[in-house]
Amino acid sequence: MRAMTVVPLKEGSFGITEVADPVPGAGDLLVEGVALGVCGTDREIAAGEYGWAPPGEDRLILGHESLGRVRAAPEGSGFSPGDLVVGIVRRPDPDPCPACARGEFDMCRNGRYTERGIKELHGYGSELWTVEAGYAVRLDPELERLGVLMEPTTIVAKAWDHIERIGSRAWFGPRSVLVVGPGPIGLLAALLGVERGLDVHVLGRRDGGRKPELVRDLGATYHTGGVSEAARSIEPDIIIEATGVPQVIVDTMGSTAAAGIVCLTGVSAPGDKVEIDAGAINREMVLGNDVVFGSVNANRHHYEMAADALAKADRSWLDRLITRRLPLDRAAEALEPDRDDVKVVVELNT
């Protein structure tokens with residue numbers, strides 16, 4: 001079968017290669033790959049910045065934003081041939097830390113977790129793949145090709161889950177949220193905010209293009225300019241930062257209403273230094289009872305939350321998030337983002 005593979009830490013090693021068909025183990029589903037979403041993580045691995053092949057192997061099959069259709073399922077698994085499924089990305093460490101032992105492997109304490117398509121486990125970027133039944137999530141069949149948005153939706157489902165848990169430390173009645181960055185994560189975060197009945201605002205850099213239109217068609221308000229300027233006019237109870245730009249991150253801190261919550265979902269590259277007024281930020285956060293926290297990955301609970309959120313969402317709006325669909329033999333093009341891209345998807349069996 002064909003697969004999207006790289007030699008981790010080697011720039012220019014990406015290719016569509018022939019690999020052996022996977023052999024399902026006891027309790028595994030055999031899945032026909034339907035589509036694969038491509039994100040910044042995949043591009044960074046392909047650029048040789050990080051990534052780990054399975055032990056004893058040179059190449060890693062890329063892909064963690066999966067969508068597939070069950071070809072064969074073991075008896076008693078709860079799955080049947082034809083089911084539309086996605087595979088969970090992370091696996092707990094072999095000697096589970098307390099969080100992993102409780103199914104919260106997204107909060108692993110010792111860093112010995114593995115991840116499909118990223119760290120020591122082959123990904124879902126192949127014509128066939130296997131997944132343990134306990135790490136597969138069934139999707140509403142009506143989602144069809146839109147189910148490839150599941151994994152990025154899990155990231156924001158977790159973010160919202162933790163925002164609400166943190167908010168429950170005291171009375172919590174949020175009215176408004178500012179999402180910084182109208183990429184896939186930011187737009188999906190806005191979607192989940194709208195589904196919660198909040199007044200949603202999204203901050204971007206450009207006035208034109210499809211991203212402002214997507215925000216407005218969601219029923220949210222689109223802004224350009226700086227974080228501080230937008231926050232002064234909105235007074236958001238919640239800020240979700242989805243750019244990873246260091247100066248933008250700093251600007252979010254202390255920019256919420258009192259007892260506000262800032263969730264950081266963007267990952268920054270080290271070495272980009274900015275000047276900050278630490279005293280002013282500290283004063284705002286302490287006197288306002290504010291919280292800033294980071295969030296990455298997702299566990300099974302968040303996949304189930306994401307499946308529910310996508311099932312409730314407008315299908316035509318979700319479809320517009322996918323701005324390019326490419327056949328597998330043109331997958332290299334997906335690693336070169338276009339300025340107006342939202343989500344690029346590789347069709348695995350075309």
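**Note on a predicted model: cysteines, pockets and selected residues**

1. The structure holds zero disulfides (a disulfide is a pair of cysteine sulfur atoms within 2.5 Å). This is a predicted model, in which local features need pLDDT of at least 70 and side-chain atom pairs count only at pLDDT 80 or more, while totals for chains, interfaces and linings use all residues. Residues are numbered from 1 along each chain as its sequence is written, and side-chain values use heavy atoms, with hydrogens and water left out.

2. The relative accessible area is 5% for Cys97 and 6% for Cys100.

3. His201 sits in strand β13, residues 199–204. Helices (H or I, at least four residues) and strands (E, at least two) are DSSP runs, numbered from the N terminus. His201 counts as buried because its relative accessibility is 9%. Its side chain has two polar partners to check. One is the side chain of Asp199, at 3.0 Å. Another is the side chain of His223, at 2.8 Å. A polar contact is a pair of N or O atoms within 3.5 Å; within protein, one must be able to donate a hydrogen and the other to accept it, and residues adjacent in sequence count only if both atoms are side-chain atoms.

4. Which residues touch His201 once neighbours within four places in sequence are left aside? They are Val177, Leu178, Val179, Thr221, His223 and Ile234. Contact means heavy atoms within 4.5 Å.

5. Asp290 lies in the loop between α8 and β17 (291–294). Its relative accessibility is 14%, so Asp290 counts as buried. A polar atom of its side chain lies 3.1 Å from the backbone nitrogen of Gly260. Beyond neighbours within four places in sequence, Asp290 is in contact with Gly254, Thr256, Ala257, Ala258, Ala259, Gly260, Glu284 and Met285. Thr256 is 34 residues from Asp290 along the chain, and their C-alpha atoms are separated by 7.8 Å.

6. Pro270 is in the loop between β16 (261–264) and α8 (278–288). Is Pro270 buried or exposed? With a relative accessible area of 81%, Pro270 is exposed.

7. On a 1 Å grid over the protein atoms alone, a pocket is an open set of points with protein on both sides within 12 Å along at least five of seven lines; a cavity is a set of points where a 1.4 Å probe fits but cannot get out; lining residues have an atom within 4 Å of a point. Grid points are joined across faces, edges and corners, and a volume is the space filled by probe spheres set on the points.

8. The lining of that pocket counts 21 residues, and Pro22, Ile61, Arg116, His122 and Thr130 lie nearest its centre. Strand β10 (residues 128–132) supplies the largest share, five residues. By class, the lining has nine nonpolar, six polar and six charged residues. Ala, Val, Leu, Ile, Met, Phe, Trp, Tyr, Cys and Pro count as nonpolar, Asp, Glu, Lys and Arg as charged, and the others, Gly among them, as polar.

9. There is one cavity of 30 Å³ or more. The largest cavity has about 30 Å³ of space. Its lining is Val89, Arg90, Glu151, Thr154, Ile155, Asn297, Ala298 and Tyr303. Helix α3 (residues 150–167) gives the most, three residues. Four lining residues are nonpolar, two polar and two charged.

10. Two backbone angles deserve a look. Asn297, one of the cavity-lining residues, has a positive phi of about 65° although it is not a glycine. Asn297 is in the loop between β17 and α9 (300–312) and is buried, at 8% relative accessibility. Leu9, also not a glycine, has a positive phi of about 70°. Leu9 lies in the loop between β1 (2–6) and β2 (15–18) and is exposed, with a relative accessible area of 57%.

Methods: Buried < 20%, exposed > 50% of the residue type's maximum accessible area, 1.4 Å probe, protein only.
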